[in-house]
Amino acid sequence: MAIVLATYYRLQHRSQNAFLLCASYIFYGWWDWRFVSLLLLSTVIDYYCARMIGSGKHRKLFLLLSVTSNLTILGFFKYFNFFSESLQSLFDGLGWYADLPTLNVILPVGISFYTFQSLSYTVDVYRHQLEPSKDLLDVALYVSFFPQLVAGPIERAVAFLPQVQRSRRITETAVLNGIWLILIGYVKKTVIADRCAQLVDPCFSGDALPFTGLANWLVLYAFAFQIYGDFSGYTDIARGVAKLLGFDLMLNFAAPYLVSNPSAFWRNWHISLSTWLRDYLYIPLGGNRCSAFRNNCNLMVTMGLGGLWHGAGWAYLFWGIFHGLLLVIFRDRRRAESPSRLQSTWYWRFVAIFVFFHISCLGWLLFRTGSLPPSMNQIAFLRDSFVTLTQASSQFPWPLVQTLIPMAMLVFLFQWYHERMECFSSWPIKAQSMGVVVGTCLLLVFGAFRGTGFIYFQF
Amino acid sequence: MEPASSTSNSKIKRKLLGLSILAAVITGVLHALRQPLASYLTAAIGEQLVEQMKGKVQSPQEFILHRFWDLELVIVSGLVLVWLTYAALSIASRARRALLRVLWASLFGFVFLNLMLSILSHTCSFWMVLYALHPTFKEVSFQIEKRLLVESNTPKRCAVIGSSQAAAEIDAGQLTSEFYPQAWFAMMHFAGANASDFLVFEDHARDASADQIICYVSQQTFYNSNSGHIYLPLLRPNSLRDLMDCGAVEHGLRSNMMHGVFGMALPVYRMRRSLAAAILGSVEDDGIGRILPREATADGNAVDRLLSRAENYRMDAASEFQQRCFRQFLTRCGQDGIEVIIIRGQVSPKMEAQIPEEIDEDFSRFLADLQMEFPELKMIGAELPRHTADQYSDLMHIKRQFREEYTRRLASVLQQEYVTDASISRSN
């Protein structure tokens, strides 16, 4: 990273782009050199499709070609075995003999991210929101930009391509904010996510959670903190590195655990994906400019596919459907009744946030298990919690509470002040130095340096 | 980012002056009144203190006086560092570029925080606060014992080191109660799973002005390459040099030593495990093992594990490395005027039967060679009672109820054989 920056700052604009492109491909090739060609293929197809769409000839055909090729690549590498095995199970259940093939396919790192990103380029050109780029290098850099290549945020061409095409001035403000984002990203990853992972991973290694009743909620809280710290930490590091290179990446996480309804949750969690799905799937399906029934169907389809995007498995699909149901119920209630005065009070909001946090934790149960064993589904979990509500658990894991309280404080601190975290350069100098010192000490003292990789790399 | 205005600077200066005056008043009052306060507190809580501390406090008045000293040190050094931080921030705020201002201010703040932590870590009170938050963390107990050893004003100061076996068999508090006010014993078993740990520990024994080190050694000390290492909080330049001379890098200890080097430079990193244990209740390699409900067969698993460990004791390059480290440890003790007593440890007869015969022979030969090479070295083994299999909770650690008797016998041996100062006698 230091070598990349040192070289980058010495170059002119076009050379910077070429240098970044080489660095991005080397970075990606380091993961697995075999899939560099796939990245290149996806880029070249979309570049030429966008040029043809921009020329006005057979616009729909080339849009279809771009969408089909991207989804085919994604579908083959990510979903082939899932559909094959699911069909096999269906045929077996119906008593039909069919030996469907499965392939030993490795999932290329970041494929879900860069195919969506690349797809958004051609769609934006088709919608006349963007002029097609005449420079393949610019498009290639947009698709392969290394800070956000493997785990997002999923950038829009409308926002990112102009940054590639114009010369960039790297200001002190950007460098300060970039360094700060990298620091808090590492704090979120090594202090929150990896510490919680040490609690969570052994608990999910068996067929059932290890505690009884309410104590199992502690494990869910730990996973909720882990996935937030992991994913938002990676995004912060990516955005920080991008700032050091003169780029602005979009905000991907705001305050997802401080919201009181599912609609607000998806405006705060993985914002780049939720807005992508809204703009390229939900709205083309009709969005909310149709009947209530059709609107609900659009929501369920969008969220279901959004869940499936995360992983080729029924659990992810059901997780998406779970959130779709929450959205449907929320919107139906909002249509049916207007908010009362009670609902605008702070204590109602507090209760609503508390309740919704627990509902989203139930969703994380499905997400973490990645499968649907009877002992770990949400129904069994809830039943166990309420059955033992009045029973004292002799083995209540108080040490787990001791670990989770500081984690919870950090998570809510980052979310409560997420807007202020974005403008570090405008803080008073005492606050800036205290922030850097505290962040560094948190890393040095509490960072779990022998931690795991990033969760979202597997998507 | 604009540098601070002169008005706000004056306000801050006035606040700091007010704080300094307050701190000076508090320190002055404490200094003037600490004797009468200590007497009052001794009368009020002295007996409970002695009982709670299980032999680690023999003179409550002295213990309380030292706590007042800790408090004064913290107030004065804290104040000095606050002024230094203010001065540093003023200097940093004059830098023209915002980035440089932040970097300088952060660097100063980080350095002063480390200085403060370093000062705090020299007080027993700091470690006692951490102990209250997490009583079972061995490193914290080690530091408390070391500080109490430093604070003791007995003519003889003795550190007991070894693995958890040593802590299971020897009650240092009981030894202190037996010999006080002539001798003080500190159980420092955090360092001692391997012979190379002893080498690291020697610097700390010298710092604590220890006259004697009782080393509890067994086959595990030299022939078990899987024991943990404790370089992060304890490594010093002397021991780093000695470890490298003995060949630690070739034996896979490079990473541990690197952590130790960072720990030497950064007190906040050096204390990371203690701080994490106190605040989070766990350290990164703890796992959730101690929180998960235990299986009924856990004890059976521990026995199987220990038996297989004994079978895997090896005479190889790693055991030679441990022996080299131990020799170097004895050499350094001799140079620093520290007397060493070796207790040949024992394990359950069931486990002893699993240890390869050549290991036993090599171990005995090694100890005999040490006695010839270091004539002032003293060894205890045969004089102490042999444990039977039913006295062990697993295969290596005796049950608590047998500890008192073993310690009493040890005290007797120490008194008769090795406590050479004629004026030192047992308190009863």
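Visitor: Is B:Ser163 buried or exposed?
Guide: This is a predicted model, in which local features need pLDDT of at least 70 and side-chain atom pairs count only at pLDDT 80 or more, while totals for chains, interfaces and linings use all residues. Residues are numbered from 1 along each chain as its sequence is written, chains are lettered from A and ligands numbered from 1 in the order in which they are written, and side-chain values use heavy atoms, with hydrogens and water left out. Buried means under 20% relative accessible area, exposed over 50% and partly exposed in between, with a 1.4 Å probe and protein chains only. Because the relative accessible area of B:Ser163 is 7%, the residue is buried.

Visitor: Which residues is B:Ser163 in contact with, leaving aside its neighbours within four places in sequence?
Guide: B:Ser163 lies in the loop between β1 (156-161) and α6 (164-169) of chain B, where helices (H or I, at least four residues) and strands (E, at least two) are DSSP runs numbered from the N terminus. Contact means heavy atoms within 4.5 Å, and with those sequence neighbours within four places left aside, the partners of B:Ser163 are B:His189, B:Gly192, B:Ala193 and B:Gln220.

Visitor: Which residue does a cis peptide bond join to B:Tyr180?
Guide: The residue in question is found in the loop between α7 (172-179) and β2 (183-187) of chain B. With omega at about 10°, the cis peptide bond joins B:Tyr180 to B:Pro181.

Visitor: What is the area buried between chain A and chain B?
Guide: The size of an interface is often given as the accessible area lost when the parts come together. Here buried area is the accessible area (1.4 Å probe) that two parts lose on being put together, summed over both. There are 40 residues of chain A in contact with 36 residues of chain B, and carbon and sulfur atoms give 71% of a buried area of about 3,200 Å².

Visitor: Which side chains meet in a salt bridge between the chains?
Guide: A salt bridge is a side-chain nitrogen of Lys or Arg within 4 Å of a carboxyl oxygen of Asp or Glu, and the count between chain A and chain B is one. At 3.4 Å, N to O, the side chains that meet in a salt bridge are those of A:Glu172 and B:Arg97.

Visitor: Which helix gives the most to the side of chain A that touches chain B?
Guide: On that side of chain A, α8 (172-203), α16 (398-416) and α18 (429-446) each supply at least two residues. With 12 residues, the helix that gives the most is α18(A).

Visitor: How many residues does the largest nonpolar core have?
Guide: A nonpolar core is a set of buried Ala, Val, Leu, Ile, Met, Phe, Trp, Tyr and Cys residues joined through side-chain atoms within 4.5 Å. Those with the most contacts inside the largest one are A:Tyr257, A:Trp364, B:Phe326, B:Phe329 and B:Ile342. Helix α9 (residues 215-244) of chain A gives the most to this core, with 18 residues. The largest nonpolar core has 232 residues.
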